[in-house]
Amino acid sequence: MATSDKASTRDRLLDAAAELFYREGVSLGVETLCRSAGVSKRSMYQLFASKDEVLAASLARRLPAYEERLAPGPQDAGSPRERILHVFERLEKASAEPAYQGCPYLAALVELKDPAHPASVVARGVKEWLLGFFRTQAEEGGARDAELLARQLMLVFDGASARAGAGIETLDGLTTATATALLDASGTR
């Protein structure tokens, strides 16, 4: 982990946490985290009450980039159907990157198994954001049952992300084809 001398202690800690938790999982120790960030445990505990709070803050901090990476921006305006498919095209592109290990928010939820954990609260919020995005697009696109379609799209997204992250599946068009079939079946334009 490369750190900048100009980066604040908090930034270095959150950068290290984001990288390590994604690559190694949430069970890594405080010493490993602090060593990677180049900060003392004392400094960490002055900024955060626990490693759990560091994990939650690191997940929250990467949310804007995650949303920007997945969701179409104003320049990508199109039909609701195109905006939904854009998300799956982005997932396929991300999954082809060598360092891809799946959705960091899904991984946190699966690893933690505690809905009250601060990082679970952040991760669940991200999943609710994506579900809401799918639901809104489905409604705007005239889906017969927007809620059902949104839930189906989440299953495809999370399942594909997990399988690609585990190295079980290559997504090459698979998620867009699956999402297209769901959009066709639901009547989404």
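Rings of Phe, Tyr and Trp (its six-membered ring) pair if their centres lie within 6.5 Å; planes under 30 degrees apart count as stacked, over 60 as edge-to-face and the rest as tilted. This is a predicted model: local features need pLDDT of at least 70, side-chain atom pairs count only at pLDDT 80 or more, and totals for chains, interfaces and linings use all residues. Residues are numbered from 1 along each chain as its sequence is written, and side-chain values use heavy atoms, with hydrogens and water left out.

Q: How many aromatic pairs are there by this rule?
A: The rule looks at ring centres within 6.5 Å. Applied here, the count of aromatic pairs is five.

Q: What kind of aromatic pair do F88 and F157 form?
A: Their centres are 6.2 Å apart. The planes stand at 70°. Angles over 60 degrees have their own class. The pair is edge-to-face.

Q: Why does the pair of F88 and F157 tie together parts apart in sequence, and how many residues apart are they?
A: Helices (H or I, at least four residues) are DSSP runs, numbered from the N terminus. F88 lies in helix α6 (residues 80-95), while F157 lies in helix α9 (residues 146-165), so the pair links parts whose separation in sequence is 69 residues.

Q: Are F88 and F157 buried or exposed?
A: The classes rest on relative accessible area with a 1.4 Å probe, protein chains only: under 20% is buried, over 50% exposed, in between partly exposed. Both F88 and F157 are buried.

Q: Which residues form one aromatic cluster?
A: F88 and F157 belong to it.

Q: How do α9 and α10 run relative to each other?
A: Axes are lines fitted to C-alpha atoms, for helices over the stretch in contact, and angles run from 0 to 180 degrees between N-to-C directions. The axes of α9 and helix α10 (residues 174-186) come within 10 Å and cross at roughly 170°. Angles under 35 degrees count as roughly parallel, over 145 as roughly antiparallel, 65 to 115 as roughly perpendicular and the rest as oblique. The two helices, α9 and α10, are therefore roughly antiparallel.

Q: Which ring does the charged end of R62 sit over?
A: The test needs NZ of Lys or CZ of Arg within 6 Å of the ring centre and within 35 degrees of the ring normal. For R62 the distance to the centre is 5.3 Å, and the ring is that of Y22.
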